[in-house]
Amino acid sequence: MLGRIIAPIFLVPLVTSFNVISTSVRYRSLHSQHQSVNPLQRNIVYHPVRINSYLSSSSDKDDTSSNLFENVDIGGNVIGNIDKIAANVGEGEWGKRGEIYVLAQALLVLGALFGGIPFIGDTLLVVLGPSLFLVGAGVIVLGLNELGSSLSPWPVPAEKAIDQGLITSGIFSKIRHPIYSGLICCLAGLSITTASVYRLLFTIALYYCLDIKSDFEEKKLMETFSDYEKYKKAVPDKFYPDSMLPWSDI
C-alpha cells in the first residue's frame, strides 16, 4: 500500500523531466534545421497549420470560381434569345423608360473608351460649353440684380438683408439659389469648352460644397425670416428648375 502511494511521487517528476529533455532536444534539432533552410521552408517547418490553411482556402477559391463559370453559355443564353431581347428594347412608352439614364451611360462609356465622345464631341466643345457659360452668367446677373444691397458672401443674413426682407421675386421665384447655380453652369461650360478634366472635377466638388453651404444658409434664413418655410414649399428647386429637366416625370 505504501509503495502505491510513494511510487507516483517519484514517477511524476521523472516523467516530466524526460518530457522536458525530449522537447529540448527536439527544439535544438529543429533550430539547426531552421538555420539551413530558406524562409519559405522555415514557414513549412514551423507553420504547417498556416500552410495547410492557405492551400485549403486557395483550393476553395478555385472551386468557387469554377462553380461560377460552370453554367456560363453566352451563345445560348444571350445570342440564342436575341429576339426576346430586341422585344424588351422596343417595349414600353417612349420617353417613360428612363432613356436619359441610358443615354448618359452610353456617352460616359464611349467617352472613357475613346477619350472623347464620338460624332458629337466637337459640337459639345463649340456649342454646349459656351452656351452653358452664357446661361450661367445670365443667371448670376439676374440673381445679383434681385439681391441688391442684401448681397453678402456669408451664409448668415446681413443686417441690410433683414431690413429689406426675404426676396422671392424675379429669378428667386424659380430657384432659391440662382447665383450658386449660375456659377456652377459657368464653370461647367468652361470645363467643356477647354476640355479640361481637372476643371470639371473641381466644378463637381464645388457643386457639393455649395449644396452643403446652402443647407446651412437656409437654416439661418429660417431662423431670420418666419415665412422662409412657406417660400421653400412654393419654390422647391434649389439650384435648377427640376420641372424643366427631361427626367422629372420618370
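Colleague: How many salt bridges does the count come to?

Modeller: The count comes to 6 salt bridges. Keep in mind that this is a predicted model.

Colleague: Why would side chains pair up like that?

Modeller: Side chains of opposite charge can pair when their charged atoms come close.

Colleague: Okay, which side chain meets D215 in a salt bridge?

Modeller: That would be K238, at 2.7 Å from N to O. The pair links distant parts of the chain.

Colleague: Is K238 buried or exposed?

Modeller: K238 counts as buried, because its relative accessibility is 16% and the cut-off for buried is under 20%.

Colleague: And D215, what is its relative accessible area?

Modeller: D215 has 36%, so it is partly exposed.

Colleague: What about E223 and K220, where do they lie?

Modeller: Both lie in helix α10, 3 residues apart. That is about one turn of the helix. E223 is exposed, with a relative accessible area of 62%. K220 is partly exposed at 25%.

Colleague: Which residues are joined into one network?

Modeller: R176, E218 and K232 are, through salt bridges that share partners.

Colleague: One more pair. What does R97 meet?

Modeller: The side chain of R97 meets that of E99 in a salt bridge, 3.0 Å from N to O. R97 counts as partly exposed, with 34% relative accessibility.

Colleague: Zooming out. How many helices and strands are there?

Modeller: The protein has 11 helices and 0 strands. Along the sequence, the pattern is α-α-α-α-α-α-α-α-α-α-α.

Colleague: How much of the protein do buried residues make up?

Modeller: Buried residues make up 17% of the 250 residues.

Colleague: How does the lining divide by residue type?

Modeller: For the second largest pocket, 19 lining residues are nonpolar, 4 are polar and 3 are charged.

Colleague: Now the surface. Which residues form a nonpolar patch?

Modeller: V197, Y198, L200, L201, F202, I204 and Y208 form one. Together they have about 820 Å² of accessible area.

Colleague: Take V197. Where does it lie?

Modeller: V197 lies in helix α10.

Colleague: Is V197 buried or exposed?

Modeller: V197 is exposed, because its relative accessible area is 57% and exposed means over 50%.

Colleague: Last one, L134. Which helix is that in?

Modeller: L134 is in α7, residues 121-147. L134 is exposed too, with a relative accessible area of 60%.

Colleague: What separation do the C-alpha atoms of L134 and G182 have?

Modeller: The C-alpha atoms of L134 and G182 are separated by 9.1 Å. Along the chain, these two residues are 48 residues apart.

Terms used:
Residues are numbered from 1 along each chain as its sequence is written. This is a predicted model: local features need pLDDT of at least 70, side-chain atom pairs count only at pLDDT 80 or more; totals for chains, interfaces and linings use all residues. Side-chain values use heavy atoms; hydrogens and water are left out. Ala, Val, Leu, Ile, Met, Phe, Trp, Tyr, Cys and Pro count as nonpolar, Asp, Glu, Lys and Arg as charged, and the others, Gly among them, as polar. Patches are made of residues with over 30% relative accessible area and no salt bridge: like charges are joined within 9 Å, nonpolar side chains (Val, Leu, Ile, Met, Phe, Trp, Tyr) within 5 Å. Accessible areas come from the Shrake-Rupley method with a 1.4 Å probe; for residues, only the protein chains shown count as cover. A salt bridge is a side-chain nitrogen of Lys or Arg within 4 Å of a carboxyl oxygen of Asp or Glu. Helices (H or I, at least four residues) and strands (E, at least two) are DSSP runs, numbered from the N terminus. Buried means under 20% relative accessible area, exposed over 50%, partly exposed in between (1.4 Å probe, protein chains only).
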